[in-house]
Amino acid sequence: MTRALERVIATVGITALLCGAAVSDAEVTPRVEKRTLQSGMRVVLLENNELPLLQIRLLAEAGSIFDPDERSGVAAVTVKALLAGAGERNAVQLQRHIDSLGATVWTEISRERSQINGVFHSRDALSALRLIYDLVAAPQLTDAELENYIRRQKSAVFQLYDLGRPIMDDAAYELFFPGLPWGRLPYGEPDELSDITPGDVRAFQQKYYSPERLKLVIAGDFDSRRLMTDVATVFMAQSRGERESPPAPVAPEPSERLRIVLLDEPGSPSAWVGFYALGAPFSSAHQQAAQRMLGHLLGGEPELSYIGRKLIEERSLISRLESATPFQKLWGLLQLEMSCPRENVVDVIAETLDELRLMSETRISKRELEDGKRFFRGYYALGFETAGSGATRLAEALAGGEAHNYHDSLLQAINTLTPDDLMKVAADLFANDRLAVVVYGDADRFERSLNEFGLVLRKRTGERGE
Amino acid sequence: MTDTHLRKISATPCCVALTCCLIVGSALANEKGVVDTTLANGLTVLLLEDHSDPLVSVWLDYRAGARQESPGKTGLAKVALEVMKNGSLGYRRGEYSRLIHSGGGETESGAWHDGAFFAARLPVRSLRDVLLMEADRMEYPNITPEAVERAKTVVALDRKARLETDPYAPLVDELLRQMYTAHPYGRGAYGSPEDIASLRSDDVDEWLRTYYRPSNAVLTLVGDFKTKETLAMVDEIFGDIPDDKTPIPPVAPEPPQNGERRATTPGHVRIPVFIVGFHTVSSSDEDLIPLQLLAKILISEKSSLVYQRLVLESDVALSTGGGHVDFFDSGLIYGYAFLNRGNSLSDAEAALYEEIDRVKSGSFSDADLMIAKNQMQMQLLNQAAGSLPRAGNMSESRRVWGDGERWLKNIEAVQAVTVSQIQDVAQRYLRDGNRTVIYLEPGLTEERGQ
């Protein structure tokens with residue numbers, strides 16, 4: 001058969017393949033070893049012997065929603081300062097120890113949790129466990145180091161203001177939950193950072209890094225039973241603390257009009273535009289499934305998604321488009337973020353709102369939905385190919401307060417979705433009190449034109465460096 | 001902690017690392033190892049079986065990057081890459097993405113300084129379809145005036161977005177512009193707006209005919225397949241694509257730099273930052289590994305001399321970083337520091353040079369070198385995680401060293417580097433006259449990205 005002929009046949013074949021194949025319900029999560037230690041810390045181990053590496057994710061229920069009142073940023077400073085010396089090692093010695101293992105250790109902060117991540121050589125498993133233990137159970141947190149970290153956090157916040165995009169979803173949360181823990185900036189307000197004391201950080205660490213608030217995920221090249229014994233031995237000394245539940249979810253205030261937040265960055269020739277839709281708590285698998293499918297259909301692959309096809313392929317209005325549905329426990333969020341020249345901001349908002357409206361008014365075709373289901377089936381299965389991606393998947397599930405195999409339930413829920421389900425969830429998600437539009441850019445250039453879409457709220461993005 | 005102490009704790013992992021990594025190297029290469037063959041039309045094919053998952057990764061490299069662009073035609077590498085996404089004789093635009101994404105696979109593509117690539121990770125059942133599409137667009141790309149105009153718009157928007165939404169991006173562009181006065185690396189990978197606007201279908205057509213052909217490409221497959229059958233399939237699908245094997249046009253060399261170059265670029269930022277670069281060598285040069293280790297000892301890692309001095313000990317900087325850029329023709333070693341507000345760029349720069357002098361005079365320990373070696377070995381291991389990055393590394397390795405497995409063998413070469421070699425490369429490359437410095441300072445009111 002010639003290649004030219006096969007091309008034609010292949011085209012037909014691909015179409016048949018895409019339209020005909022049934023979506024399997026098989027599980028995607030590999031077998032894991034799991035245990036809750038006497039101290040209350042949950043441990044999940046996933047063997048992946050591809051390479052001699054260990055991927056560690058330690059989740060602590062110690063996010064910014066637990067910041068003391070008028071001290072936003074304490075959680076952020078605390079998780080970073082865990083690396084400022086631990087056990088017998090001061091900051092410099094600790095860093096040299098990490099580097100001498102060839103390891104990488106980094107931290108993250110979000111509203112609900114803080115996270116310590118590490119990549120180690122599998123021969124160093126015991127050293128890695130001891131190191132992680134020292135970070136959470138025996139950090140030094142000296143006055144001198146903490147004062148440095150508090151000062152440095154202020155610079156870090158200004159760097160985020162320079163970049164723009166990292167602060168956009170925060171503006172949406174601030175709008176939905178004014179004055180509430182969920183509305184706080186996870187990295188801290190510059191004014192409030194100045195008021196943080198080393199004592200605040202030490203108290204936070206004591207209270208929120210106790211073992212029953214910790215979940216440890218390790219994926220990589222090891223023998224699970226042996227490693228579980230080592231984990232139990234190393235973390236045995238950690239004593240239980242007091243349990244404090246996160247603040248209860250509070251429904252956002254109803255709003256008659258769509259709200260648009262302008263993060264004013266004078267002189268910026270380009271803009272970021274974000275659409276944030278507040279979903280149901282994470283435990284609603286059906287709602288989560290619908291939110292993820294909507295995110296995929298609206299803002300997944302640029303050539304295939306509704307917004308990508310319209311705003312990139314047809315009208316060349318935006319240069320980047322990303323959708324995300326973060327894993328968090330109390331609130332689901334569907335976010336669509338895009339960058340564009342500032343002269344396109346008004347068109348971008350109009351076109352995107354139009355697409356969101358269509359989602360809640362028009363049934364998508366069964367074929368499109370089946371394509372989407374197939375995408376997720378492959379996406380979650382491929383997500384366990386490496387130890388690093390496997391560890392991240394497991395950590396996501398645990399971060400949402402779910403079982404390690406949450407992705408299997410999620411896939412089942414995705415497989416049962418109908419076009420009507422999507423319409424209904426879209427109508428809820430994209431209602432005015434659930435949707436926020438955030439624009440980062442030179443507000444003077446487009447503020448007036450945005451009034452036609454809804455209520456415009458303008459904010460400065462923090463002092464400049466003069 | 002003393003140096004002696006560090007030497008003790010570092011020595012053991014390093015020795016073990018060597019053994020482990022050699023095992024890893026052979027495990028990744030499988031019992032059969034990388035199969036490297038060249039079809040009659042000149043297409044290089046690398047195959048590596050890996051049956052751990054029912055997946056395959058496909059990586060198709062073309063030596064068609066910004067380094068081949070002529071003055072006045074900058075941005076052509078990216079525009080041509082976009083046009084290649086417009087489908088081909090047998091496939092409509094978007095069909096490639098649809099095939100891969102509806103199977104849950106992922107795609108990547110890009111054109112950078114030294115080349116362009118299309119990559120995909122997909123269920124193994126779709127391999128034949130993907131190869132058919134790649135072959136079809138290699139031979140029959142759908143170059144229409146509309147496709148070229150759309151590609152120009154996409155590239156221009158992307159360029160604008162990068163420069164305007166990342167306020168620190170101009171720093172790197174300015175560094176390359178100052179460092180490379182003759183070589184195309186100085187013109188950047190994104191092109192100028194004027195050049196992009198003036199590109200025509202003929203330019204794209206000529207570019208694709210010159211560079212997107214079998215003898216200028218490397219096709220790498222890693223995954224769950226049988227080598228013999230897959231090689232036969234590749235030959236069946238790609239083997240009859242014609243190639244006249246005309247030589248690829250040469251690239252203007254960069255003359256040696258004689259004297260420091262400095263510039264301050266407009267900043268729409270709150271945090272001051274500077275970057276320093278020094279010319280080094282081609283990515284195939286034997287000095288490459290000592291230079292990569294030098295960058296780690298000096299500035300890349302958190303235990304590096306500069307990070308310790310400016311972040312951990314003095315709190316002058318919010319963060320520092322750097323590394324070696326392995327360009328095909330002539331690379332660079334660079335370092336940067338984002339300063340905490342209220343600190344002086346010139347003081348921080350002076351502190352960086354004092355640390356460079358320490359390296360040149362050998363005032364760093366064996367322990368520092370051990371740490372850098374361990375870091376580099378782990379970096380190489382991490383690059384091997386997953387079939388798609390592995391395919392990309394094999395392809396690059398084949399292009400640079402003519403050996404698809406050499407990147408893993410570098411783990412052994414890292415072990416052989418001595419303190420005196422680090423000192424030697426520091427003295428030869430980190431010279432004042434070979435230095436370029438760029439400042440980005442807050443408070444300048446010019447609009448960014450212009």
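## Stop one: where the chains meet

Start by colouring the two chains separately: 77 residues of chain A are in contact with 89 residues of chain B. Keep in mind along the way that this is a predicted model. Between chain A and chain B an area of about 7,400 Å² is buried, and carbon and sulfur atoms give 53% of it.

Now look for charged pairs across the interface of chain A and chain B, where the rule finds ten salt bridges. To see one of them, select A:Arg151 and B:Asp315, whose side chains meet at 3.1 Å, N to O.

Which parts of chain A supply at least two residues each to the side that touches chain B? Among them are the helices α1 (3-20), α5 (143-163) and α13 (366-382), along with the strands β3 (53-60) and β8 (270-278). Highlight α5(A) in particular: it gives the most to this side of chain A, with ten residues. By type, the residues on the side of chain A that touches chain B divide into 29 nonpolar, 22 polar and 26 charged.

## Stop two: a salt bridge between chains

Next, select B:Arg390 and A:Glu50. Their side chains meet in a salt bridge, 2.2 Å from N to O. B:Arg390 sits in helix α14 (residues 387-401) of chain B, while A:Glu50 is in the loop between β2 (42-47) and β3 of chain A, so the pair joins two chains. Is B:Arg390 buried or exposed? Its relative accessible area is 2%, so B:Arg390 counts as buried, the cut-off for that being under 20%.

## Stop three: a strand inside chain B

Move over to strand β2 (residues 44-49) of chain B. Six of its six residues are buried, so the strand is largely enclosed by the rest of the structure. Show the side chains: B:Thr44, B:Leu46 and B:Leu48 point one way from β2(B), and B:Val45, B:Leu47 and B:Glu49 point the other way.

Who are the strand's partners? Strand β1 (residues 35-38) of chain B pairs with β2(B) in the antiparallel sense, over four bridges. Click on B:Thr37 and you'll find its bridge partner in β2(B), B:Val45. β1(B) and β2(B) make a hairpin with five residues between them, and B:Gly42 in the turn has a positive phi of about 100°.

Strand β6 (residues 217-223) of chain B pairs with β2(B) too, this time in the parallel sense and over six bridges. Here B:Val45 stands opposite B:Leu219.

## Stop four: salt bridges within a chain

Over all chains, the count comes to 63 salt bridges. A:Glu368 is partly exposed at 26% relative accessibility, and A:Arg309 is partly exposed at 29%.

Then select B:Arg209 and B:Asp205, a salt bridge with its closest N and O atoms 3.5 Å apart. Both lie in helix α8 (residues 201-211) of chain B, four residues apart, about one turn of the helix. B:Arg209 is exposed, at 56% relative accessible area, whereas B:Asp205 is partly exposed, at 29%.

To finish, select the network in chain A where salt bridges share partners: its members include A:Lys310, A:Arg315, A:Asp347 and A:Glu351.

Note on methods:
Residues are numbered from 1 along each chain as its sequence is written. Chains are lettered from A and ligands numbered from 1 in the order in which they are written. This is a predicted model: local features need pLDDT of at least 70, side-chain atom pairs count only at pLDDT 80 or more; totals for chains, interfaces and linings use all residues. Side-chain values use heavy atoms; hydrogens and water are left out. Contact means heavy atoms within 4.5 Å. Buried area is the accessible area (1.4 Å probe) that two parts lose on being put together, summed over both. A salt bridge is a side-chain nitrogen of Lys or Arg within 4 Å of a carboxyl oxygen of Asp or Glu. Ala, Val, Leu, Ile, Met, Phe, Trp, Tyr, Cys and Pro count as nonpolar, Asp, Glu, Lys and Arg as charged, and the others, Gly among them, as polar. Buried means under 20% relative accessible area, exposed over 50%, partly exposed in between (1.4 Å probe, protein chains only). Two strands pair if DSSP finds at least two bridges between them.
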